[in-house]
Protein chains: 2
Amino acid sequence: MTDTVNTPSRRVYFLSNRTAITAETLGHSLLAQFPGIEFTSVTIPFVDSIEKAMRLVDRINAENEGTDMQPIVISTMADEAVSLIIHQSKALIIDPFVRFLPELETILHAHSIHESGRSHRISNQSHYESRISAIDFSLLHDDGMTTKLYDQTDIIILGVSRSGKTPTCLYLALQFGLKAANYPITEEDMESEQLPEVIRGFKGKLFGLTTNPKRLAHIREERRANSRYASIDQCRYEVKAAEQMFEQFNVPYLNTTTMSIEEIATKVVELTGLHRISKPDISHL
Amino acid sequence: MTDTVNTPSRRVYFLSNRTAITAETLGHSLLAQFPGIEFTSVTIPFVDSIEKAMRLVDRINAENEGTDMQPIVISTMADEAVSLIIHQSKALIIDPFVRFLPELETILHAHSIHESGRSHRISNQSHYESRISAIDFSLLHDDGMTTKLYDQTDIIILGVSRSGKTPTCLYLALQFGLKAANYPITEEDMESEQLPEVIRGFKGKLFGLTTNPKRLAHIREERRANSRYASIDQCRYEVKAAEQMFEQFNVPYLNTTTMSIEEIATKVVELTGLHRISKPDISHL
């Protein structure tokens, strides 16, 4: 509880025989449902042998000995023998494999392989490569650096400087395999009251990002302190002008002030109807 | 089963009231345990009202009517009322909230808030900003473009052209908040048999990536077909020379041939002992 001084926080371990991305993602979602409680979390990937698992159980038990707070383990172990060792720790074990695989086996009339599926990690090489080429494309088309391949782009993100264009495009490329260009709206564009000429022919692909002027000023301050660029007046002017441009030319747009990069990217895909590849080349244990 | 012609594949729905990243991540991990079965998956994020949930249940039931294959729903709904609607569908529901929150409530002596936790999505603004500045840093330091801030970098990834340096660095920045530079090993460096001068002072931060020459040739062929650059002989030479350099100068390195970007990044962090931020600024429902 936040009003108690020196409350020891509860330990949470995210474990996996591979990257632990699934354990972390699931774990953070569950723990976020308890905002009043403080957690100390540690991620331990590549627990891929019985020996490592045994050492880990000893560590977890030792680290929490003498406290009255049972630790929590979020574990996704493909290997059953390793998983069994982990289940011997004194922690509360949250294990989606143990919980969900049996009922999946029943309706699928199949046994789960209980393997980390090495051969399956890049099961679809062409998907893997399309992800890499989406990253290449998005880097090349960052910040309007080049505009020549706009006919190949899936989307062109517009916005003023520091409105979140670059991280959004990188996420779209890296996670969803989308070719995402971005183009900055400059003061010159605002004054012309026209869409920049190079993007005019791609109206169906345009998507705007906007943000709260105060937040924008704060972010710009990090980059260029005490500048006109970072001043609240300038930020107000630019945000207003960009939003007017989006409205005038029917460019769909999103206010990203309180959103994470993940949410912005997901929302952009949702609003534009783009096809999101849900990482079919890999499963992250 | 792969040997049966025209087997209809089983439908899987990843649902959430937010991004559906947790549902997708968990779902792919579970389904990867059944490599012999074909699934058709669709992700439906932002199911954030009872009306949307009801329409979705109708859709799921309709799409699978008349087949003898019960669909699968992987659902992470913070809102209990919306979740209850989803549970009325005819699908097998895999719901980690319903399964795991009760036991967490018991050991934490607290009620889960059952909210998507809007205020929690960017609960830690400074973490969010460090993530953004890690992205800025990594972009600026891509492919040796600049080397002047190497004293601030967390890691410098080395490797020959197309060995996976850029995606690895972007992932390290975007997901783990690490300032990750990368520097290409060129033929000139190989011939000199020295570490490139600009990186010599940062030996503790260097990490090499290497890959199978055949795979490298295949990837390079995409970029520059039928070139000396993409020839198998050239790739063999470069890979061997780079690996010799890593060995000679005690640069830890990793063969990434069969690894996904996520695995490479996780392994790099593991091997270097870097502090991995596990996305504490956000929980992805």
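**Figure 1. Burial and overall form of chain A.** Of the 285 residues of chain A, 47% count as buried (20 or more other C-beta atoms, placed from the backbone, within 10 Å of a residue's own). Keep in mind that this is a predicted model, in which local features need pLDDT of at least 70, side-chain atom pairs count only at pLDDT 80 or more, and totals for chains, interfaces and linings use all residues. Residues are numbered from 1 along each chain as its sequence is written, while chains are lettered from A and ligands numbered from 1 in the order in which they are written. The C-alpha trace of chain A spans about 70 × 50 × 30 Å along its principal axes.

**Figure 2. Helix α10 of chain A and its buried side.** Helix α10 covers residues 213–223, and its buried residues are P213(A), L216(A), I219(A) and R220(A). These residues lie on the same side of α10(A) because they cover an arc of only 125 degrees around the axis, taken from the directions from the helix axis to the C-beta atoms. The buried residues of α10(A) pack against α11 (232–248) of chain A.

**Figure 3. Where chain A meets chain B.** Here 67 residues of chain A are in contact with 65 residues of chain B (C-beta atoms, placed from the backbone, within 7 Å). The elements of chain A that each supply at least two residues of this side include α1 (21–31), β2 (39–44) and α12 (261–272).

Definitions and conventions. Buried ≥ 20, exposed ≤ 12 C-beta atoms within 10 Å, placed from the backbone. Helix = DSSP H or I, 4+ residues; strand = E, 2+ residues; numbered from the N terminus. Contact = placed C-beta atoms within 7 Å.
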